[in-house]
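Subject: A structure for you to explore

Hi there,

Here is the structure I promised to pass on to you.

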Amino acid sequence: MLSIKNLHASIEGTPILRGINLEVKPGEVHAIMGPNGSGKSTLASVLAGREEYEVTDGEVTFLGKDLLDLAPEDRAREGVFLAFQYPVEIPGVSSTNFLRTAVNQVREYRGLESLDAVKFLTIMKEKMKLVEIDQKLLSRSLNEGFSGGEKKRNEIFQMAMLEPKLAILDETDSGLDIDALRVVSNGVNKLKSPDNATIVVTHYQRLLDYIVPDYVHVLYKGRIVKSGTKELALELEEKGYDWIKEEVDAAV
Amino acid sequence: MTTITKNKVTDLFLLNKPTNSNFVELRKAGLDYLESNGLPALKEEEYKFTQISKRLEQQITNFKSAQPASLSKVLVQKAIFEGFDGDIIVFNNGEFVPTLSIISQQNYSFSLLSDAKPEILGSIAKVENDPFVALNNLAFNDGVFISVPKGKKVEKPIYLLHFNQANQGQVVNQRVLIDVADSAEVTFLENTISLDEESYFSNTVVEVKVAQNSHAHYYRLQNENRQAIVVNNFVTDIHRDATFTSVATQLQGGMLRNNLTMNLLDSGCEGNMYGLYLLNGKTHVDNHTNVDHTKPHADSNELYKGILADSSRGVFNGKIFVRQDAQKTNAFQQNNNILLSEDAIINTKPQLEIWADDVKCSHGCTTGQLDEEALFYLQARGIGKEQARGLLLYAFAGEVMEHILYQPFQQYCTNLIQDRLGSKF
Ligand SMILES: Nc1ncnc2c1ncn2[C@@H]1O[C@H](COP(=O)(O)OP(=O)(O)OP(=O)(O)O)[C@@H](O)[C@H]1O
Ligand SMILES: [Mg+2]
């Protein structure tokens, strides 16, 4: 479904991604871990189409299409969803209006009829239950004044509304307490199907108890330097990253 | 150059005196002022970003008052927006048109200035306020007087609708006096329609007295042709426990200068000034506001926001004057701008003069670009770039529109703004 080959990207002339290779098939869950500043969010942003990053080499195909060729909104409409590490507060834009606009533009792109207010609200209520998000939050401006946990929950709620094929969760677990983590993970798990895939970026093995990965990758200095199964995450939790850094730095 | 501007333009006006023989003293005050001071020279501090005199020299070829344009019921009908229900006062190049106006509500009285000869005319907007007040004194032919008697509420809004069309760059002079008596209530709407794309110079003075415990709202839209040169002097005297709210929206024009003054004359009164300028092309808009706190326990609130595209230019100058007597004043001022192009310019300046020691005053101004982070966030959810920009810009602008409490007019302005934000920007 997603195929990343030799992806290089830089920001303001500084190379950040230096040759990423990754294959993701439908139904799979991939975890990406790695020390701070290794390029995890950069990878997520490049996939979602953030313009500040310049792709200098490599290719990415998503469901047979050249992903890098598409505008950010078209990537979303094709089914890529990025849950932001730091969701943006947007005063003056109501959460509900924003979501209805988004859902209907995505539906239009997919050749589906747009939802009227009543249908939209019905679906919204249903998905709100899934992530146990409070109605009050959604009557406010988008993310404005939300706590960290509320913002993360809102990301998963948006994901539920948009029904992506590939969800990229960038540290959706960071800063969540155990209860919130359970709710958010439950939400993600309920949305999983044999047809869609998930990439979870995380620092904490804890999340992977709830969202069980098929593969775990370690990103370091802009490359995937180690891949394994969920046992690798346990090992990282126990030993930290130093042994991997040493291995890599010694090889250079 | 300085003296040329000062004398030449003034002289040209002096050659063209109005026919109406009333208002002798007012005209004399204007003449005296102009003979000794002239119109603002190039170096004049108050007009340094907005060179009206120079523009007049360049663009106005005939300093006579414009003759009436041909108007019709259809034109008036076209200018009425959806949901409007109220009275309409139509002006043709500055002169009241009885046949096209609809004055049907009982709770206020309407007359020509030349008939009513109200004593307070010229006592609220004084020649010392601004040279263009002096010029208006000299040049307006006749104006209108609207008074709301004590304790009355004018239920439906009064819509002041101007049609301007001046051949070969002529002049339009307007004079309006509003007197809202004790404990009365009224809402005004104002809009100006340019009938073609020719230059004109419109110099208007609106004086408003808001007497004790009364409430008045004034919602104004400026959406004129791209050649129009406009100076508007709007001065209000706000008395004890009275509230006055102005919401001014500027969408288009050549060079627009608005001097908005609120004199807070007693305790318990409140003056609110909201403004939105949404500019493109070469439109130049200058809002000079002035709040004068004279007595304790009065409030003023001010929020002006601007979105500037292309090579448009905005000027915001917000003066807050708190006199020694005016303890316990609350005065808030905010000016926020978004520049959408490298050629757009904004000059913004708060000007606070505070002589009392126990006051709450705050002011702030920001100028920035569209928030790229927010734009990406919306796009990443599947919203097209153009629409995402429109959503963000409207979110910025909408905060001003919320203060238009007459819903159909709010909707009308909102539609114009959204059209603009969705298409051009
Ligand atoms: N706008 C920018 N300009 C310059 N360098 C940047 C910019 N944004 C990110 N970087 C750098 O790129 C590198 C990778 O950052 P990125 O956010 O992708 O790391 P990360 O793996 O997600 O880290 P974290 O675990 O802290 O979230 C870092 O060294 C960071 O300083
Ligand atoms: Mg990150």
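B:D32 is partly exposed, with a relative accessible area of 37% (buried means under 20%, exposed over 50%, and partly exposed in between, using a 1.4 Å probe and protein chains only). Side chains of opposite charge can pair when their charged atoms come close. Both B:K28 and B:D32 sit in helix α2 (residues 24-37) of chain B, 4 residues apart, which is about one turn of the helix. Helices (H or I, at least four residues) and strands (E, at least two) are DSSP runs, numbered from the N terminus.

A word on the ground rules: this is a predicted model, in which local features need pLDDT of at least 70 and side-chain atom pairs count only at pLDDT 80 or more, while totals for chains, interfaces and linings use all residues. Residues are numbered from 1 along each chain as its sequence is written, chains are lettered from A and ligands numbered from 1 in the order in which they are written, and side-chain values use heavy atoms, with hydrogens and water left out.

How many salt bridges does the structure hold over all chains? There are 26. One of them joins B:E45 and B:K349, at 3.9 Å from N to O. This pair links distant parts of the chain, 304 residues apart: B:E45 is in the loop between α2 and α3 (52-59) of chain B, and B:K349 is in strand β18 (residues 345-354) of chain B. B:E45 is partly exposed at 46%, and B:K349 is partly exposed at 35%.

In chain A, A:K221 forms a salt bridge with A:D249, with the closest N and O atoms 3.4 Å apart. A:K221 lies in the loop between β11 (215-220) and β12 (223-228) of chain A and A:D249 in helix α10 (residues 242-251) of chain A, so the pair ties together parts that are 28 residues apart in sequence.

Now to where the chains meet. The contact (heavy atoms within 4.5 Å) takes 30 residues from chain A and 16 residues from chain B. Together the chains bury about 1900 Å², 62% of it on carbon and sulfur atoms; buried area is the accessible area (1.4 Å probe) that two parts lose on being put together, summed over both. The rule finds 3 salt bridges across this interface. A:E51 forms a salt bridge with B:K385, the closest N and O atoms being 3.8 Å apart.

What about a buried residue? B:S246, in strand β11 (residues 243-252) of chain B, counts as buried because its relative accessibility is 6%. Leaving aside residues up to four places away in sequence, B:S246 touches B:Y218, B:L260, B:M262, B:N272, B:M273 and B:Y274.

Finally, an unreviewed UniProt entry annotates residues 165-396 of chain B as "domain: SUF system FeS cluster assembly SufBD core". UniProt positions are given in the numbering used here, feature names are shortened, and annotations may be inferred rather than shown by experiment. Over residues 165-396, chain B is 9% helix and 60% strand, and the end C-alpha atoms are 34 Å apart.

Happy exploring!

How values were computed. Salt bridge = Lys/Arg side-chain N within 4 Å of Asp/Glu carboxyl O.
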